[in-house]
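Please walk me through this protein model, keeping the criteria behind each term in view. I would like an explanation in connected paragraphs.

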Amino acid sequence: MIKKYKECVKGYWGYVIATPLCVIVESILEILIPFKMADLIDKGVDVGNLEYIKHQGLILIGYAAVAMIAGVLGGYLASNGSAGFAKNLRREMYYNIQHFSFANIDKFSTAGLVTRMTTDVTQIQQAFMMIIRGAFRGPFIMVFAFIAAFKINDKLPFAFLVAVPVIVIGLAVVIKFGIPMFQRMFRVYDKLNAVVQENVRGIRVVKAYVREEKENEKFQGVSNELYKMSVKAERLMAFASPVMEMAIYAVTLIVCWFGARLVITEAMTTGQLMSMFSYVARILTAFLMMSMLIMQITLSGASAKRIYDVLVEVPDIQNPENPVMEVKDGSIKFENVSFAYAKGKPCLSNLNVDIKSGETIGVIGGTGCGKSSFVQLIPRLYDATEGNVYVGGLNVKDYDMEVLRSSVAMVLQKNILFEGTLRENLAWGNKNATDEQMWDALKLAQATEFVSRMEGGLDAEIEQGGTNVSGGQRQRLCIARALLTSPKVLILDDSTS
């Protein structure tokens with residue numbers, strides 16, 4: 001999994017490497033500042049040496065300025081690196097999805113893929129940014145702050161060990177109960193996306209049947225389920241934070257108590273005590289940061305697994321090693337073909353069909369008898385479970401998929417027009433088609449009448465999904481788009497309805 005994610009950092013390694021360097025510079029200065037503060041108090045304030053105070057003060061201002069610049073630069077670099085990583089992650093998922101067969105898409109569901117490319121990627125992006133900053137900053141500060149505090153006093157730094165068991169127990173509780181909770185929450189996100197997509201896509205039907213109230217109830221049910229799970233998850237996170245802070249305050253009080261006694265007995269100076277407070281606070285903050293980092297990585301593991309499943313999903317329909325690059329003619333043959341969407345539930349059984357090139361065949365049958373499944377095997381949108389499908393005298397599995405699908409034009413039962421101009425939509429059939437060829441295809445599809453009335457003609461704007469044209473007009477435009485491919489085989493799946 002890590003190897004796959006490393007590939008997605010390509011192009012942004014500069015940001016990822018430079019971020020820890022800035023963090024280290026900032027951390028070194030954070031360790032040095034308390035030392036200078038102790039000197040300023042002990043050798044300047046306590047003895048009234050104004051020149052020393054000015055000198056040390058300027059040095060402290062310089063340290064603080066450089067630390068601030070390093071911190072801001074580190075944040076900028078981390079943001080760029082994590083955003084670039086997320087961009088690559090989305091791109092890799094999207095590109096892989098483009099090669100999915102219908103069976104692969106059915107496996108994940110459209111809503112599930114949308115959630116992975118949005119919510120899950122955001123979760124991973126946040127974790128990645130914490131890793132490239134916190135994974136270096138936390139351990140570095142914790143180790144060097146402890147060494148610096150130990151040089152001041154060899155006993156007080158061990159006070160922070162009081163907080164370790166409390167923080168570890170709190171972290172263990174969050175991890176144990178939080179991970180399953182977040183995994184369930186992401187599945188509910190999928191359900192919510194599915195409900196919203198279904199409603200928006202079918203909004204005309206919802207309004208036609210006056211089902212707004214019922215759809216609202218369905219949405220409210222899933223939304224409430226997500227709300228309850230989110231509250232549980234946030235409650236668990238809210239429990240962890242005050243417990244850890246309580247441990248930090250307890251350690252601070254211990255250092256305060258024993259440190260004050262050491263100052264009174266002159267075993268420690270006031271400046272050294274101030275430095276000790278600063279170092280102990282940094283040790284605990286760094287430990288807390290590491291705890292939160294581990295928690296974030298653990299919780300984002302659910303998202304990482306969901307994204308990884310998409311990245312490594314192998315399309316079950318692929319090109320052969322030496323594909324045939326030409327379809328000779330439009331003949332079609334089904335030889336003992338069986339097909340099932342789910343194992344053990346065939347929708348086509350032992351089918352034998354022989355269609356000669358140039359023939360026009362009508363496939364008639366009741367709803368759900370497998371007509372669409374039958375024609376989808378021809379351009380390899382699905383592969384036959386058993387038997388062989390031949391086009392142009394060769395098995396469809398022997399062809400280059402792009403060549404096969406370019407030779408088999410299919411007007412699907414549920415066709416889609418894309419946002420853009422009418423010309424851009426028709427160009428899907430042939431990107432080099434001339435205006436004359438487009439008008440010829442529209443004439444064959446009996447679409448010239450309404451297209452000529454549209455403002456702009458071929459340059460008329462089509463809204464997303466083709467919602468600004470009627471269902472019949474949309475089908476005719478899709479037929480024209482298919483005709484522009486000049487196919488060897490033309491499949492019209494219920495497009496005369």
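Ser486 is exposed, with a relative accessible area of 60%, where exposed means over 50% relative accessible area, buried under 20% and partly exposed in between (1.4 Å probe, protein chains only). This residue is placed in the loop between helix 16 and strand 8 (489-492), helices (H or I, at least four residues) and strands (E, at least two) being DSSP runs numbered from the N terminus. The phi angle of Ser486 is near 50°, a positive value in a residue other than glycine.

The model is a predicted one, in which local features need pLDDT of at least 70 and side-chain atom pairs count only at pLDDT 80 or more, while totals for chains, interfaces and linings use all residues. Residues are numbered from 1 along each chain as its sequence is written, and side-chain values use heavy atoms, with hydrogens and water left out.

Elsewhere, an open sheet of four strands has the order 2-1-3-4, with antiparallel pairing. Its edge strands are strand 2 (345-355) and strand 4 (394-395), each of which pairs on one side only. Strand 1 (residues 332-342) runs antiparallel to strand 2 and is joined to it by seven bridges, and Phe339 has Leu348 in strand 2 as its bridge partner. Strand 1 also holds Asn336, a residue other than glycine whose phi is positive, near 50°. Asn336 is partly exposed, with a relative accessible area of 40%.

What gathers in the charged patches on the surface? Glu419, Glu424, Glu461 and Glu463 form a patch of negative charge, whereas Arg184, Arg187, Lys228, Lys232 and Arg235 form a positive one. The elements that give two or more residues to the positive patch are helix 6 (163-201) and helix 8 (212-264), and helix 8 gives the most, with three residues. Patches are made of residues with over 30% relative accessible area and no salt bridge, like charges being joined within 9 Å and nonpolar side chains (Val, Leu, Ile, Met, Phe, Trp, Tyr) within 5 Å. A salt bridge here is a side-chain nitrogen of Lys or Arg within 4 Å of a carboxyl oxygen of Asp or Glu. Arg235, which lies in helix 8, counts as exposed at 55% relative accessibility.

Ile41, found in helix 2 (residues 13-45), counts as buried at 13% relative accessibility, and its C-alpha atom is separated by 7.3 Å from that of Thr270, 229 residues apart along the chain. Ala286, found in helix 9 (residues 270-299), counts as buried at 2% relative accessibility; Ala286 and Val143 are 143 residues apart in sequence and 9.4 Å apart in space, C-alpha to C-alpha.

Note on methods: Accessible areas come from the Shrake-Rupley method with a 1.4 Å probe; for residues, only the protein chains shown count as cover. Lys and Arg count as positive and Asp and Glu as negative; His and the chain ends are not counted. The place of a charge is taken as NZ of Lys, CZ of Arg, CG of Asp or CD of Glu. Two strands pair if DSSP finds at least two bridges between them.
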